[in-house]
Amino acid sequence: VKRLNEFTRQIEQTFDKNIAEGQPATAKTKVSQQPASNATDGNWKTFWIAPKANNSSSLTINLKKQRTFDHIVLQEYIPLGQRIAKFNISVLLKGKWRQVAKGTTIGHKRILQIDKVTTDRVRINIKKSYGRATLNEIGLYHSD
């Protein structure tokens, strides 16, 4: 019981503060009804939608200052279905984009544990989707 309580506390501490929440997000091609900023607004009812189906698209979060994190949480807007089939995540380090994670499906929630990284920019690259990709929420978290 003691270990389970410690484990619960660790999970709660890790996922207590979403570094990305409220931070500006942009996409190369804007979709005015569902803009990139919806993916970082902390609201389950809003989401970003890619401009076209099956095409590569990306969304960039500007953290405004250097932040350290080691967990990335992605969520698709499930009321429209699971659409993302392939993605990767890059961070800006010393002026160059470096891939820190990649995956296939996201679905309701995908938690990615990565090596600890410090950056002020994060890019989610959608490489393949079935229909227009959606992202409901992007979370960046730091475990102690």
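Predicted model: local features only at pLDDT ≥ 70, side-chain atom pairs only at ≥ 80, totals over all residues.

Colleague: Where is Glu76 found?

Modeller: Strands are DSSP runs of E of at least two residues, numbered from the N terminus. Glu76 sits in the loop between β3 (57–75) and β4 (84–93).

Colleague: Which side chain of opposite charge is nearest to Glu76?

Modeller: A salt bridge needs a side-chain nitrogen of Lys or Arg within 4 Å of a carboxyl oxygen of Asp or Glu. Buried means under 20% relative accessible area (1.4 Å probe, protein chains only). Glu76 is buried and has no salt bridge; the nearest side chain of opposite charge is Arg83, 6.2 Å away.

Colleague: What does the side chain of Glu76 reach?

Modeller: Backbone nitrogens. The one of Gly107 is at 2.8 Å, and that of Arg83 lies 2.7 Å from a polar atom of the Glu76 side chain. With contact taken as heavy atoms within 4.5 Å, and neighbours within four places in sequence left aside, Glu76 also touches Asn136, among others.

Colleague: Is Asn136 buried or exposed?

Modeller: Asn136 has 1% relative accessibility, so it counts as buried. Its place is the loop between β7 (134–135) and β8 (137–141). A polar atom of its side chain lies 2.8 Å from the backbone oxygen of Trp44.

Colleague: Why is β8 described as largely enclosed by the rest of the structure?

Modeller: In a regular strand the side chains alternate between the two faces of the sheet. Here five of the five residues of β8 are buried, so the strand is largely enclosed. Glu137, Gly139 and Tyr141 lie on one side, with Ile138 and Leu140 on the other. β3 and β8 run antiparallel, joined by five bridges; two strands pair if DSSP finds at least two bridges between them. Tyr141 is the bridge partner of His71.

Colleague: Which residues touch the most other members of the largest nonpolar core?

Modeller: A nonpolar core is a set of buried Ala, Val, Leu, Ile, Met, Phe, Trp, Tyr and Cys residues joined through side-chain atoms within 4.5 Å. The largest has 31 residues, and Trp48, Phe69, Ile72, Leu74 and Ile89 touch the most other members. β1 (25–27), β3, β4, β5 (96–103), β6 (110–129) and β8 each supply at least two residues of this core.

Methods:
Residues numbered from 1 in each chain as written. Heavy atoms only, no water. Helix = DSSP H or I, 4+ residues; strand = E, 2+ residues; numbered from the N terminus. Buried < 20%, exposed > 50% of the residue type's maximum accessible area, 1.4 Å probe, protein only. Lys, Arg positive; Asp, Glu negative; His and termini not counted. Polar contact = N/O pair within 3.5 Å; in protein donor to acceptor, adjacent residues only side chain to side chain.
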